[in-house]
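Trainee: I want to know what each term rests on before I use it. Can you show me the structure and take the terms one by one?

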Amino acid sequence: MTAALNGQWLRRARHFRGMTAKQLAEQAGLSLNYVQRLEKGDRNASATAAEKLCDALGFTPESVPLDSRGLLAKIDQLIDEHGPYAFCTMRCARARGNRYYTDCEYFDINSIKTGKEPAPDHLLRLAYAKTEAETQQTLWETGPDIIEGAIIDGALQFHWE
């Protein structure tokens, strides 16, 4: 787990949870200075510190990678197999009303039409799922500054309060 817990992920995970560095440090039982140095990349987290930080956040880099490249690759594969207008279900993590998609699976829409199973939550067409994952990836690459501040006079009103 420590290899995936880098400063960039830690900072974005903290912002996703809506925590300050001080709050994260207190909940993890670590010093504020240590957490800040981890986020800047000045230090590497020990296995014990990584475990404490993930416990305080409530998720790990493996469960919520905050990097959608793997999800995008999976969606592209499903589009190649089933076409962009086929459906998929999306798994997501939530924090304070914000949603972060972590995985997707093909969904046969005929199973709803025949009554074999009810419509699941987060049922999307693959083309739309790809757009959602691309947006997540853009936010990952641009970082918490765009997530926190949105764009003041622009159209983007999305932010992780």
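Mentor: Start with the elements: helices (H or I, at least four residues) and strands (E, at least two) are DSSP runs, numbered from the N terminus. With that rule, the elements run α-α-α-α-α-β-β-α-β-α-α from the N terminus on. The protein has 8 helices and 3 strands.

Trainee: What should I know about the model itself?

Mentor: This is a predicted model, where local features need pLDDT of at least 70, side-chain atom pairs count only at pLDDT 80 or more, and totals for chains, interfaces and linings use all residues. Residues are numbered from 1 along each chain as its sequence is written, and side-chain values use heavy atoms, with hydrogens and water left out.

Trainee: Why is Trp9 called buried?

Mentor: Buried means under 20% relative accessible area, exposed over 50%, partly exposed in between (1.4 Å probe, protein chains only). Trp9 has 1% relative accessibility, so it counts as buried. Across the protein, 40% of the 161 residues count as buried.

Trainee: What makes His122 partly exposed?

Mentor: Its relative accessibility is 22%, so His122 counts as partly exposed. His122 sits in the loop between helix H6 (110–113) and strand S3 (123–125).

Trainee: Which residues is His122 in contact with, leaving aside its neighbours within four places in sequence?

Mentor: Contact means heavy atoms within 4.5 Å. Among the partners of His122 are Cys88, Met90, Arg99 and Tyr101. Tyr101 is 21 residues from His122 along the chain, and their C-alpha atoms are separated by 9.6 Å.

Trainee: Why is the pair of Trp9 and Phe59 called edge-to-face?

Mentor: A pair of aromatic rings is described by the distance of the centres and the angle of the planes. Rings of Phe, Tyr and Trp (its six-membered ring) pair if their centres lie within 6.5 Å; planes under 30 degrees apart count as stacked, over 60 as edge-to-face and the rest as tilted. The structure holds 3 aromatic pairs. Trp9 and Phe59 are 5.8 Å apart, centre to centre, with 85 degrees between the planes, and that makes the pair edge-to-face.

Trainee: Why does this pair tie together separate parts of the chain?

Mentor: Trp9 lies in helix H1 and Phe59 in the loop between H4 and helix H5 (69–82), so the pair joins parts that are 50 residues apart in sequence. Phe59 has a relative accessible area of 6%, so it is buried.

Trainee: What makes Phe16 and Tyr100 an edge-to-face pair?

Mentor: Their centres are 6.3 Å apart, and the angle between the planes is 75 degrees. Phe16 is in helix H1 and Tyr100 in strand S2 (residues 98–107), 84 residues apart. Phe16 is at 2% relative accessibility, so it counts as buried. Tyr100 is buried too, with a relative accessible area of 4%. Trp9, Phe16, Phe59 and Tyr100 form one aromatic cluster.

Trainee: How do you know that the buried residues of H3 line one face of the helix?

Mentor: The buried residues of H3 are Tyr34, Val35, Leu38 and Glu39. Seen down the axis of H3, they fall within an arc of 135 degrees, so they line one face. The arc is that of the directions from the helix axis to the C-beta atoms. These residues pack against H1, helix H2 (21–28) and helix H4 (47–57).

Trainee: Which residues are buried in H2?

Mentor: Ala21, Leu24, Ala25 and Ala28 are buried in H2. They cover an arc of only 100 degrees around the axis, which puts them on the same side of H2. The face turned away from that side carries the exposed residues Lys22, Glu26 and Gln27.

Trainee: At what angle do the axes of H1 and H3 cross?

Mentor: Axes are lines fitted to C-alpha atoms, for helices over the stretch in contact, and angles run from 0 to 180 degrees between N-to-C directions. The axes of helix H1 (residues 7–17) and helix H3 (residues 32–40) come within 6 Å and cross at roughly 120 degrees. Gly7, Gln8, Leu10, Arg11 and Arg14 in H1 meet Val35, Leu38 and Glu39 in H3.

Trainee: What makes Arg14 buried?

Mentor: Arg14 has 8% relative accessibility, so it counts as buried. Leaving aside its neighbours within four places in sequence, Arg14 is in contact with residues including Leu24, Glu39 and Leu57.
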